[in-house]
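Have the viewer ready and follow along.

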Amino acid sequence: MNYFIRDKLLKKMINLQNTTDIKVITGLRRSGKSVLLVEFMDWLKQNDANSNIIFVNLQDIQFESLLEYHNLHKYALDNYKEGMHNVLIIDEVQLCNKFELTINSLHTREMFDMFITGSNAFLLSSDLATLFTGRTMNIDVFPFSFKEFTDYFKSLNYNGDLFDKYIKEGGMPGILTYDDKKDKNNHLKNVFNTVLLRDLIEKYKIRNQDEIKKLSEYMLDNIGNILSPNNICNRLNMNKIDITRKTVSKYLDYFENSFMFYKAKRFDIVGKNYLSSNFKYYLSDIGFRYAINGTKNLDLSRALENIVYLELLRRGYEVYIGMLYKKEIDFVALKREEKIYIQVSYDISYEKTLERELAPLRSIRDAYPKMILARTRCSEYDIEGIKIVDVAEWLLNVK
């Protein structure tokens, strides 16, 4: 794969240097966490002559003895250098049994600038709250954004339609090493199955593997649909899959914890409160859907909605599904005092489709910005104060 720097993530790591928190790089398996560590260490070597980098990759057999937590603790202390910027970087930290005892002990000594990564489903936000209460700063690593995707292919002088490529293939870094579509799909299937079969089934000791496989297939087919454990359970039961509501709810939590799916809650725009029932789920990367389920039911608007949702998360927004009486707004994006209402549609060239997307936005009475993101292939324009923006341009316009 052509090597290039993920500037925004690297900058965040650089800015978090010398803070007292344990910096935890989290995200989907194979989304680029380990490569980000390499980029950060390269930056340190070039820009901080006083840095002492203590790097441990627990997947590397040379560090096999450090899989025991006392040995890991001793290794860090033995490699500490007085008077230097001691940066302790541990990749795949979960492979060390009782790693949290080592990390907490080293943290209390205030000797190291600490960065750790762990594979999804083993180093979760819910686990971190218990293991390192009040001591962590997360750095979220997603698959490539469309901006990163285009930057990569521009370096190869690629002249094809990158947006069409991205909306069907997604942005998992590993696919960029392959030219053949079948090879790309096989890579995505392998990642998905590793998360499902090895991470989740192993971590949670799931006995009925067929249940969770069938649920994952159902979720892939229903990204962006309003779902609840009840209606999922009923649908699967109709298809002769014997599963309970409680089990569905439990597996959905596992999917979230693994960063494979993200849950979007609903927000009542009039009542200004969050609704506790029925949610939408979005995939961590749209490429998984088409690699596993094929393109026979290709829904470009739904795929686009998924891509926009992830991009809003990358930009630091809290993202909700807006409910206005019986109308639905695709996204309500919140960040401090900022609020944006967003509708997403692949094609609004038909008047009926455009009116359908405008209707819920027109019904909102406050003065916060409203926009429709679609594949218009033209400059931004305005209809009654509602911005109509080409989605590819919006995705590229990263501040």
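Asn18 is exposed, with a relative accessible area of 59%. In this predicted model, Asn18 sits in the loop that joins helix H1 (7–15) to strand S1 (22–27). Its backbone deserves a look too: phi of Asn18 is near 65°, a positive value in a residue other than glycine.

Glu92 also has a positive phi, about 60°, although it is not a glycine. You will find Glu92 in the loop between strand S3 (85–91) and helix H4 (99–109). Is Glu92 buried or exposed? With a relative accessible area of 8%, Glu92 falls under the 20% cut-off, so it counts as buried. Asn18, at 59%, is over the 50% cut-off and therefore counts as exposed.

Here are the two residues side by side:

| Residue | Phi | Relative accessible area |
|---|---|---|
| Asn18 | near 65° | 59% |
| Glu92 | about 60° | 8% |

Now for the interior. Buried residues make up 53% of the 399 residues in the chain. The largest nonpolar core holds 76 residues, and Met219, Phe288 and Phe331 touch the most other members. Which residues does Met219 touch, leaving aside those up to four places away in sequence? They are Leu227, Ile232, Leu252, Phe255, Phe261 and Tyr281. There is also a second, separate core of 21 residues, with Val24, Ile54, Phe99 and Leu106 among them.

Stepping back to the whole chain, you can count 15 helices and 13 strands. Of the contacts with a separation of 6 or more, 67% are between residues 24 or more positions apart.

What about the overall dimensions? The radius of gyration is 22 Å, which agrees with the value near 21 Å that a compact globule of 399 residues would have. Along the principal axes, the C-alpha atoms fill a box of roughly 70 × 50 × 50 Å.

Finally, the surface and the charges. The accessible surface of the chain comes to about 19300 Å², and carbon and sulfur atoms account for 46% of it. As for charged side chains, the chain has 57 positive and 54 negative ones, and the centres of these two sets lie 4 Å apart.

Note on methods
Residues numbered from 1 in each chain as written. Predicted model: local features only at pLDDT ≥ 70, side-chain atom pairs only at ≥ 80, totals over all residues. Heavy atoms only, no water. Helix = DSSP H or I, 4+ residues; strand = E, 2+ residues; numbered from the N terminus. Rg over C-alpha atoms; globule rule 2.2 N^0.38 Å. Buried < 20%, exposed > 50% of the residue type's maximum accessible area, 1.4 Å probe, protein only. Contact = heavy atoms within 4.5 Å. Areas by Shrake-Rupley, 256 points an atom, 1.4 Å probe, with all protein chains shown as cover. Lys, Arg positive; Asp, Glu negative; His and termini not counted. Charge placed at Lys NZ, Arg CZ, Asp CG, Glu CD. Core = buried A, V, L, I, M, F, W, Y, C linked by side-chain atoms within 4.5 Å.
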